[in-house]
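This briefing works through one protein model by topic, with the cut-offs given where each term comes up. Please keep the sequence and the structure in view while reading.

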Amino acid sequence: MLAFRNLVEQYKDVSFSLACSILKDEDEAADVLQDAFMKVLNHIHKFRFDSAFSTWLYRIVVNTCLTAKAKHKKQVYEDLSELQEMPSEEHSSLEKYSEKERTAFITAAFKLMKPDEALLLRLYYLCELSIAEIREITDFTEANIKVILYRGRKNMYNILSKLTGNELNPLT
């Protein structure tokens, strides 16, 4: 059981981030993540070592979230009041903001993005997974992943520009 506790500790943050990007609700994401980790515990004997353990685990997290989302079939509307309170000083890039402000802007941007875009950006940049690993997790085609990543980056840039109230330096 200690080994499983260590496993949860190692993967909980990224898994929670993925769950939040799909469900758009932290409380629901936490509940679904518990279910996902229970599935991992109950089915760890089925892991075949065909891919990285993280890929297998993230696929379980994503599938559990998608199942929960389909079950609830509810539309989530985000409260943007926290963004209205943020300073709108003129800055030419996110680097001028404090770490806390940048995190708030990026978190808000993820909430405003299409779920597929937010998910793939998190898998690619946060989890540092390859296109092939993302394909395994999501069952999207390689071409579709590349298109969604491209659109996601563009959408992220546009949202961040609007949230900060000015033009940002190009994100590279």
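Leu7 has its place in helix α1, where helices (H or I, at least four residues) and strands (E, at least two) are DSSP runs numbered from the N terminus. This is a predicted model, in which local features need pLDDT of at least 70 and side-chain atom pairs count only at pLDDT 80 or more, while totals for chains, interfaces and linings use all residues. Residues are numbered from 1 along each chain as its sequence is written, and side-chain values use heavy atoms, with hydrogens and water left out.

**Leu7 and its surroundings**

- Leu7 is buried because its relative accessible area is 17%, and buried here means under 20%, exposed over 50% and partly exposed in between, with a 1.4 Å probe and protein chains only.
- Leaving aside neighbours within four places in sequence, Leu7 is in contact with Val40 and Phe53, a contact being heavy atoms within 4.5 Å.
- The C-alpha atoms of Leu7 and Phe37 are separated by 9.6 Å, although these residues are 30 apart along the chain.

**Overall composition**

- The protein chain has eight helices and zero strands, and its elements run α-α-α-α-α-α-α-α from the N terminus on.
- Of the 172 residues in the protein chain, 41% are buried.
- Among contacts in the protein chain between residues at least 6 apart in sequence, 65% join residues at least 24 apart.
- The accessible surface of the protein chain is about 10800 Å², with 52% of it belonging to carbon and sulfur atoms; such areas come from the Shrake-Rupley method with a 1.4 Å probe, and for residues only the protein chains shown count as cover.

**Helix α1**

- Helix α1 (residues 2–23) has 22 residues and should span 32 Å at 1.5 Å a residue, which agrees with the 29 Å between its end C-alpha atoms; the expected span of a helix is 1.5 Å times one less than its number of residues.
- A kink of about 50 degrees is centred on Lys12 in α1, the bend at a residue being the angle between axes fitted to the seven residues ending there and the seven starting there.
- The buried residues of α1 include Phe4, Tyr11, Val14, Leu18 and Ile22.
- Ala19, which lies in helix α1, is buried because its relative accessible area is 0%, and, not counting residues up to four places away in sequence, Ala19 touches Lys24, Ala29 and Cys65.
- Not counting residues up to four places away in sequence, Ser21 touches Pro115, Ala118, Leu119 and Arg122.

**The nonpolar core**

- The largest nonpolar core has 47 residues, and those with the most contacts inside it are Leu18, Val40, Phe53, Tyr58, Leu120 and Leu123.
- Two or more residues of this core come from each of α1, α2 (26–43), α3 (53–72), α5, α6 (115–126), α7 and α8 (142–164).
- A nonpolar core is a set of buried Ala, Val, Leu, Ile, Met, Phe, Trp, Tyr and Cys residues joined through side-chain atoms within 4.5 Å.
- Leaving aside neighbours within four places in sequence, Leu120 is in contact with Ile134, Thr138, Phe140, Ile145, Ile148 and Leu149.

**Thr138 in helix α7**

- Thr138 is found in helix α7 (residues 131–138) and is buried because its relative accessible area is 14%.
- A polar atom of the Thr138 side chain lies 2.8 Å from the backbone oxygen of Ile134.
- Not counting residues up to four places away in sequence, Thr138 touches Arg59, Leu119, Leu120, Leu123 and Ile145.

**Positive phi values in loops**

- Glu128, in the loop between α6 and α7, has a positive phi near 55 degrees and counts as exposed because its relative accessibility is 66%.
- Asp139, in the loop between α7 and α8, has a positive phi near 65 degrees and counts as exposed because its relative accessibility is 56%.
- As background, most residues other than glycine have a negative phi.

Note on methods
Polar contact = N/O pair within 3.5 Å; in protein donor to acceptor, adjacent residues only side chain to side chain.
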